[in-house]
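Dear colleague,

I am passing on the structure we talked about, and below it I have set out what I found when I went through it. Please have it open as you read.

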Amino acid sequence: MKSIRIRLLFVIVFTITLFTVCFMLYGVEHAKRVINYQSNEYGQSLAQGIATACADILEEGNYMNLNKALKTIGRAYETIHSIEIHVAGVPVATYGIKDPELKEGEKKVFGEKTLAHHKVPITVQVKSQAIELGIVHVQYSLDRYYELFFAQINVLMYAGIIFLGIILIIFLFLINYMIVSPVLKIERGTKIIGEGDLEYRIPLRRKDELGQLANAFNDMTAQLKVSKDEIEEWNKTLENKVEKRTHQLQQAHEELKQTQYQLVNSSKMATVGMLGAGVAHELNNPLFCMIGYAHVMLEKMEKGEVTEANMAEFHKYIATIKTESERCGRIVTNLLQFSKKQKMEFAEIDLAKVVENTLVVMEYQIKKWNIKMQADVPETSFTLQGNADKLQQVFINLMANAHHAMPDGGGITIGLRNEERNGTACVIASVADTGCGIPQENLDKLFESFFSSEKGMNNLGLGLSITKQIVDDHHGEISVESEVGTGTTFSIILPVEQPEVVEEDTPSTS
Amino acid sequence: MSRKILVVDDEESIRDLLSIILEGEGFEVITACDGNEGLTKALQEVPDLCILDLMMPNVAGGVLAGGIRDNEKTCNVPIIFLTGVFSDDEADMIKNRFAGERLLAKPIDKDALIKTINEALA
């Protein structure tokens with residue numbers, strides 16, 4: 001681990017050790033110098049003392065006494081290794097054995113390698129009233145000073161080591177207190193905050209840079225907390241809004257569905273209204289026949305003209321009355337069935353039958369609108385799952401649409417055929433007119449609600465959108481082809497089978 | 001000599017019924033099933049009276065009546081219009097274009113029909 005604590009400590013220890021070593025080297029050098037000086041002083045005073053002590057004896061010339069004096073002095077001073085007194089270059093008295101390696105006159109310094117056996121030579125003149133009597137050569141030991149020196153060095157070493165240790169401990173403590181502990185606290189805080197606890201504050205009350213860092217960090221966390229709270233609040237509001245909106249949309253959708261359903265029904269009722277006049281006409285014709293034939297027969301019976309020959313005629317009249325009343329029944333039943341509000345229920349139906357019924361209820365309109373009807377319906381069944389009622393309205397709407405395209409009359413051809421489309425069995429119904437046609441730019445808008453090329457009050461423009469709605473409910477498709485001036489053809493593709501799950505399409509108002 | 005009446009209606013049962021009734025009253029009856037045949041027969045036979053259904057495919061009663069009026073031979077032949085439903089529109093149309101002619105709404109009572117015919121022929 002490259003811990004900052006260890007690195008810092010290393011740098012400090014290195015620096016302090018360097019300084020300590022330098023200090024100690026200086027200390028040793030200084031001790032050497034001091035001891036050198038002291039030993040020289042000592043040597044000088046020792047030699048001077050011996051010279052002074054020996055001056056009188058040398059004047060007397062009594063060399064025996066001189067030897068005795070040297071012995072006494074040498075015994076008194078442990079440090080004296082040897083003494084020699086020369087007079088006119090000849091040794092006259094000695095004490096101890098002279099070390100021949102120590103050359104006379106050389107200045108020997110303490111601490112030098114050549115200073116063998118810890119001994120130093122010194123030479124002093126013996127004078128009396130400024131007359132030179134002789135020379136004293138003294139060799140003295142430095143053992144005492146060496147002991148002193150090493151004791152000094154030891155003190156220095158121990159002091160240095162203790163000093164180093166104390167400094168280390170103090171720095172360790174300081175680094176720990178000032179850097180490592182706050183850094184660890186900040187690190188721990190970052191981790192906790194990073195894990196999402198924005199309530200956490202780094203417990204560092206200091207005025208230094210790390211304290212400022214911790215404060216900045218705490219401020220940042222507080223800001224984060226505020227922002228997070230705001231975002232959460234916003235989220236919650238948003239969620240509520242979305243929920244509310246969704247609910248409203250659902251409600252609107254339901255309402256729209258209901259409205260659409262009602263629209264389909266009311267448009268059917270409008271169709272019933274349109275058909276009403278025609279139906280009355282259609283009913284009055286057979287009624288006129290029935291009443292008329294009944295009248296004729298009654299008259300003949302009253303006149304007693306009921307003869308064998310008349311019976312054939314009567315039979316014919318009654319057959320006509322039967323046929324006509326059946327026709328009335330059929331018209332009324334068709335209309336009733338059509339006007340009934342029915343659920344979007346699917347049943348097995350024959351589309352050819354639907355076309356046939358449509359032509360029955362539209363008979364009056366066909367005549368009134370001066371339309372030449374043609375049915376291109378092969379003699380086969382066009383069975384499919386569907387709602388006969390709604391599909392009948394599809395045909396009525398398309399025929400009404402065709403009439404609007406040719407107000408002065410024209411031809412309408414209704415065609416049916418069984419065909420397979422994309423692997424699905426389908427019945428394709430077409431309603432073609434010979435009217436004015438629809439401009440290309442209007443073809444796309446054709447199935448939109450309230451789109452109408454006519455500006456009249458009678459045409460709300462709902463017919464085709466409702467037609468499309470009904471076809472969509474049957475999972476079918478409606479398309480239109482048109483050429484201006486030639487005519488328009490609507491094609492409806494209805495699947496024979498409805499998907500298994502038929503969407504529930506029966507609002508409660510039905 | 002019996003009076004000649006032209007009956008034009010697209011419905012066979014009505015043509016038959018009117019024939020029976022009118023022949024029972026001693027009229028000679030000619031029938032036609034649509035406007036074109038009606039005009040042809042009217043110009044051929046020049047009847048004493050025309051009974052026209054207003055609502056017929058191709059050539060409606062009103063158009064046929066116009067044709068009858070426009071021809072010199074038949075311009076004075078009285079016309080009785082029959083209608084499935086009596087409406088103000090049709091009544092106005094007849095009042096404007098064929099003033100003086102009569103309009104009857106189905107179903108027609110036999111006596112009322114004979115009475116109207118006699119009035120028209122008078």
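Predicted model: local features only at pLDDT ≥ 70, side-chain atom pairs only at ≥ 80, totals over all residues.

Among the contacts in chain A with a separation of 6 or more, 69% are accounted for by residues 24 or more positions apart.

The part I looked at in detail is a pair of helices. Helix 8 of chain A (residues 388–405) packs with helix 10 of chain A (residues 463–473) at an angle of about 150 degrees, their axes being 9 Å apart. Because angles over 145 degrees count as roughly antiparallel, that is how helix 8 and helix 10 of chain A are described relative to each other, and helix 8 passes helix 10 in a left-handed crossing. The contact involves, among others, A:L391, A:V394 and A:L398 from helix 8 of chain A, and A:L464, A:I466, A:I470 and A:V471 from helix 10 of chain A; by class, it has seven nonpolar, five polar and one charged residues.

Helix 10 of chain A is itself mostly covered, with eight of its 11 residues buried, and these include A:S465, A:T467, A:Q469 and A:D473 as well as A:L464 and A:I466. Just after this helix, A:H475 takes a positive phi of about 60 degrees.

With best wishes

Methods: Residues numbered from 1 in each chain as written. Chains lettered and ligands numbered in written order. Heavy atoms only, no water. Axes fitted to C-alpha atoms, helices over the stretch in contact; angles between N-to-C directions. Helix = DSSP H or I, 4+ residues; strand = E, 2+ residues; numbered from the N terminus. Parallel < 35°, antiparallel > 145°, perpendicular 65-115°, else oblique. Left-handed = near helix turned anticlockwise from the far one by under 90°. Contact = heavy atoms within 4.5 Å. Nonpolar A, V, L, I, M, F, W, Y, C, P; charged D, E, K, R; others polar. Buried < 20%, exposed > 50% of the residue type's maximum accessible area, 1.4 Å probe, protein only.
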